Amino acid sequence: MDRAEPRLALVERVPDQNVEDADARRCHTGVVNRADIIASLQGQPLDVLVIGGGIVGSSVARDAAMRGLRVGLIEQRDFAFGTSSRSSRLLHGGIRYLAQGRIGLVHEASVEKTILHHIAPHLAAPLPFVFPTYRRNPKWKLWQLMIGVKLYDLLCGGRNLGASSWMDVDETIAVVPGLSADGLKGAVRYFDGFTNDARLVLDTLRSAARHGAKVLNYAEFVSAKHDALWLCEVESDTPFAIQAKAVVNATGPWADGLPHSAVKLRLTKGIHLVIERSRLPVADTVVMTEGSRILFAIPWGERTVLGTTDTDYDGSLTEVFADAADVAYVLRIANEHFPSAKLNNDDVISTWAGLRPLIADKKGRPSDISRSHEIKSPETNWWDVAGGKLTTCRLMAEQTIDRVIASLELPSQLCSTTEERLLDDANFSAITPPAFSREAVQHFCEQEWARHLDDVMIRRTSWHYYHRDAAGLAKQCAMWMAAALGWSDSRMNEELGNYLRLPRVVAKSASFEA
């Protein structure tokens with residue numbers, strides 16, 4: 001993929017008295033001592049090896065560990081590298097799925113979003129949605145939505161994150177200033193949840209590790225063979241092997257490419273734009289429609305997130321970026337709904353793009369494909385977990401471990417993931433990015449498995465997406481990480497160079513200027 005090379009200014013690190021203590025500090029942080037984790041994974045056979053460090057894999061590892069199983073998890077790149085850091089960040093039943101008649105899926109997800117709000121209140125905030133309807137779009141009728149949002153509340157078991165209502169034209173304009181009034185018929189208001197997807201993965205992994213799971217990023221599954229146990233070959237700092245009674249394939253978009261997998265996927269791409277909140281100052285999330293398609297304008301601290309698209313995808317699984325056509329499409333829909341905003345490319349601070357690993361169905365448009373999940377065992381004690389939604393991650397994990405325990409004929413252990421909170425101490429973990437500080441960076445290196453600059457800038461903090469001066473922050477962050485991890489100057493500059501080459505807005509341009 002073509003990328004413009006940014007001008008890279010080498011960073012000269014000021015000598016830091018803390019550097020010489022880095023190794024000593026790491027020796028006392030068992031969570032991130034890779035040598036100890038690898039030794040443990042190679043030791044006594046695991047009950048379950050989870051392949052994939054996204055939201056499903058991390059949830060499976062947590063559930064298994066909380067039931068007393070010996071569990072390990074490996075991820076070929078960083079935790080939450082793929083889909084699980086590139087979603088719309090919504091915890092929702094899916095008002096669109098209700099319109100498609102998928103009542104069971106909506107009920108399932110609606111209940112799960114309330115559970116996530118209970119176990120991770122710092123990462124599952126109630127979020128009001130305003131869904132305006134227009135004469136020009138007969139796909140969405142106000143009277144149908146008025147009935148639908150009340151049903152939506154009921155499908156949460158009467159415990160939705162807020163009560164739904166409806167508004168006439170004047171009330172809608174008062175709640176959403178700047179919204180187009182041309183043909184407006186009114187709106188409904190309902191509640192779903194807002195999260196930080198990558199943080200949800202990391203905090204789930206921290207919970208899993210606290211219960212004894214051994215989790216390792218930058219460890220690639222290569223192959224496996226089965227006799228009495230599964231013997232799995234892994235490439236990491238050095239090659240090693242893991243024995244496990246059962247293997248769970250929870251690799252999202254990569255699931256159909258693993259040896260022994262029987263998964264068949266249809267991948268679709270969704271992109272999001274980040275702009276200044278002042279350019280589109282929505283207090284509630286606003287639903288924007290084009291035919292039956294739904295996009296959102298989502299308030300995120302001092303920013304507004306616009307998205308998403310839903311298009312078939314057959315490109316690289318590791319280099320997934322927005323392109324100019326994606327950005328133009330989202331801006332056009334936003335400007336149709338907020339004509340006075342006059343948004344343009346210069347307003348876009350950053351973008352992200354991710355893949356939806358949908359169960360293969362060649363029929364219909366991407367947005368029509370079911371978001372239901374599947375759990376299947378094509379070989380003895382090999383389990384493929386595929387499809388699903390961010391919102392239903394905990395349920396997918398519970399159902400998977402129920403089947404693993406039954407297959408292995410292990411003593412039955414009840415799932416307890418609906419009650420225990422992910423973290424008692426949620427420092428540096430929230431829906432909006434933490435303050436930029438050395439203390440935060442040191443925490444991510446010592447307690448959250450960060451190994452590379454983009455691990456911190458993108459997945460642990462979202463500083464990459466949130467701040468216009470992400471390049472400047474990255475230089476300072478690299479120096480702090482060098483001190484925490486004992487990097488040489490050449491390693492530090494290599495990390496900075498790799499980060500600055502990442503596309504900032506669209507795939508064929510890098511707007512970082514160092």
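Which residues make a nonpolar surface patch of about 260 Å²? In this predicted model, local features were considered at pLDDT of at least 70 and side-chain atom pairs only at pLDDT 80 or more, while totals for chains, interfaces and linings use all residues. Residues are numbered from 1 along each chain as its sequence is written, and side-chain values rest on heavy atoms, with hydrogens and water left out.

The nonpolar patch is made by Ile 103, Leu 151 and Leu 154. Patches comprise residues with over 30% relative accessible area and no salt bridge, nonpolar side chains (Val, Leu, Ile, Met, Phe, Trp, Tyr) being joined within 5 Å and like charges within 9 Å. A salt bridge is defined as a side-chain nitrogen of Lys or Arg within 4 Å of a carboxyl oxygen of Asp or Glu. Accessible areas were computed by the Shrake-Rupley method with a 1.4 Å probe, and for residues only the protein chains shown count as cover. Ile 103 is located in helix α5 (residues 103-119); helices (H or I, at least four residues) and strands (E, at least two) are DSSP runs numbered from the N terminus. With a relative accessible area of 37%, Ile 103 is partly exposed, a class that falls between buried (under 20%) and exposed (over 50%), for a 1.4 Å probe and protein chains only.

A positive surface patch is formed by Arg 135, Lys 139, Lys 141 and Lys 185. Lys and Arg count as positive and Asp and Glu as negative, with His and the chain ends not counted; the place of a charge is NZ of Lys, CZ of Arg, CG of Asp or CD of Glu. Lys 185 belongs to strand β6 (residues 184-194) and is partly exposed, at 44% relative accessibility.

Zero disulfides were found in a search of the whole structure, a disulfide being a pair of cysteine sulfur atoms within 2.5 Å. For Cys 393, the closest cysteine sulfur, that of Cys 415, is 12 Å away and therefore too far for a bond. Cys 393 is buried at 2% relative accessible area, and Cys 232 is buried at 0%.

Two further buried positions were examined. Phe 321, in the loop between β15 (311-312) and α9 (324-337), has a relative accessibility of 18% and so counts as buried. The C-alpha atoms of Phe 321 and Ile 271 are separated by 7.7 Å, although these residues are 50 residues apart along the chain. Ser 350, in strand β16 (residues 348-359), is buried with a relative accessible area of 0%. Its C-alpha atom is separated by 16 Å from that of Ala 334, 16 residues apart along the chain.
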